[in-house]
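Reader: Please take me through the ligand site and its surroundings. Keep it brisk.

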Amino acid sequence: MDSFKYQNNELYCEDVKIKDLAEKYGTPLYVYSKNTIIDKFKATDEAFSSVDHTICYAMKANSNMEFLKLIASIGGGGDVVSGGELYLALKAGIPANKIVYASVGKTDDEMKFAIESGILAFNVESEPELDVLNEVAQKMGKKAPLAIRINPDIDVHGHPYISTGKSINKFGIDINTAYEVFLRAKEMDGIEIVGVHSHIGSQILNLDYFNASAKKLFDFVTKLREAGIEIQHVDIGGGLGVHYPDVIEEYAEERKEVPAPAELAARVIEVLKPLNCEIIFEPGRSIVGEAGALITQTNYIKYSRDTKFIVVDGGMNDLIRPSLYEAYHQIVPLTYTDGKLEKADVVGPICETGDFLAKGRNLPQVKRGDYLAVMTAGAYGYSLASNYNTRPRPAEIWVDGDKVEVIREREKVEDWI
Ligand code: LLP
C-alpha cells in the first residue's frame, strides 16, 4: 500500500494532509498509516496460510498500545523481551498462548510473571538461564514451556549491531551444544519442551539466509525427534527487511529490492513443512516500519566552510537509527518543490556531533519553518526514543482514511517535576 504520497504537491498519509497535522499537533511528530499496518500484517499472515502458524509481532519495534490492540484484533501474537512488554501485550488483549519471550537476561520475577500468565514459550538463551527457569517453575509447582534459542552461526552481512545469528553474538545457544542442553532439559521437572527458536538478524533482504537457517532448524529438530524429544513448533524469528522508500525518485540514493512476505514464507515452508510443526514468525520492522514517518520542522539553515546544515527540531533522541546504525531514511519536504537539489546534512538540536538524521543528502531548497518528513520511521523510531537533553518525546498519531487519532500524547517537561 502506498500510504505516503503527494497530492497537489502536498505529502499525504492516507487521506490526510500531513502539514495540517504538523500545524495542529506540533513537531517533531510521529505519523502512522493504520491501514499499512493492517495490510502488512495480513499479507504476512496469509503468506503462511498453507501451514499451522502464528505471527508473533515483535513489539520492540513499536509497543504503542493502539498498535498492540490492533495486532490482537487481527489475530496476531506477540514476541516480547521484557516483563514490561509482556504486561502491555496482555493488557492489549494478545492471548498469552500466542506470546513468546526472548531475552538473554530474564529476571526471576519476569519468569514468574510469564509462567503465571501461561505464555506459549520461553525462548531460552543460555544454560544458566535454563537452570533458573527450571528452579523458578518448580518452586511454583508448574512447568515452564521451553523453546531453546539456537544460534545457527549464520552471518547475514548486515550492520553488526543488528546481526544476531553469529557465534560471536550474545544470543542463543550454539547449535553444536544446544542438543545436549535439550537432553538435559528433558529430565527437568520444571520444564516442558515445546519448540526450537532462532533469530538471525534484522533488515535482511536476502532470503537465502532464512532458507539456510530453516535448513539448520530442520536438521536440528530431526535429530531431537530421533532422541525422543517432541517438538511442537519451530520459531524462525523475525528480521525481514523493509524498503526505506523513495517517495521522490530523484532524491533517492539507496534503492534495494525487498522480498514480499510470501517469498520469505515459501523459502521457509519448503524446508520446514515435512516436520509438521507449527511455524512461528516474529516480524517487527516489516509490519510497522513503512507505516510511519517522523515529521520535523526546519529551524535554521547554517553553512560552515564545507557543509550546509539543515537544523531541524527532531533529533537523535526522537529517531536514533541514523546515529546508531548509520541507517538511511529518506527525507522529503511536506510541500514538494522541484527546484535545484543541494547537498546538506540534516541535523537535530542535540549537543552531540552524532546527532544527525542524514548526511550529505541531496535535498531541495528549504527555509526556516519548512516541514520535512523522515520516512520509514514506524519501526524502532519511537520505541528507541529517549529524553536526552531533557527533551519530551514526540506525540504519535495514526491515520485511518481521513480519520486522525492521537495514540500517544506529546510528553511535557512539566510532568517531570
Ligand atoms: N525476534 C527477535 C528475537 C528479535 O531480537 C528481533 C529484533 C525480532 C524478532 C524482530 O526483528 P525485525 O523483524 O524487526 O527485524 N533497533 C534496530 C533493530 C534491532 C532488532 C532487535 N531484534 C534497528 O533499528 O534497526
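Author: A polar contact here is a pair of N or O atoms within 3.5 Å; within protein, one must be able to donate a hydrogen and the other to accept it, and residues adjacent in sequence count only if both atoms are side-chain atoms. The model is predicted: local features need pLDDT of at least 70, side-chain atom pairs count only at pLDDT 80 or more, and totals for chains, interfaces and linings use all residues. Residues are numbered from 1 along each chain as its sequence is written, and side-chain values use heavy atoms, with hydrogens and water left out.

Start with the two domains. The chain splits into domain 1 (4-31 + 290-416) and domain 2 (35-287), with bounds from an automatic or database domain assignment. Their centres, taken over C-alpha atoms, are 31 Å apart. Domain 1 brings 37 residues to the contact and domain 2 brings 28 (heavy atoms within 4.5 Å).

Now the polar atoms. A ligand nitrogen sits 2.7 Å from an N or O atom in the Tyr325 side chain. A ligand oxygen is 2.9 Å from a polar backbone atom of Gly284. A polar side-chain atom of Tyr380 is 2.6 Å from a ligand oxygen. The protein covers 92% of the 590 Å² of accessible area that the ligand has on its own (Shrake-Rupley method, 1.4 Å probe).

Next, the interface. About 3,000 Å² is buried between domain 1 and domain 2, and carbon and sulfur atoms give 55% of it. Buried area is the accessible area (1.4 Å probe) that two parts lose on being put together, summed over both. Glu290, Tyr328 and Tyr380 supply 24% of what domain 1 buries against domain 2, more than any other three residues.

Across this interface, 9 residue pairs are in polar contact, both at pLDDT 80 or more. There is also 1 salt bridge across it (a side-chain nitrogen of Lys or Arg within 4 Å of a carboxyl oxygen of Asp or Glu).
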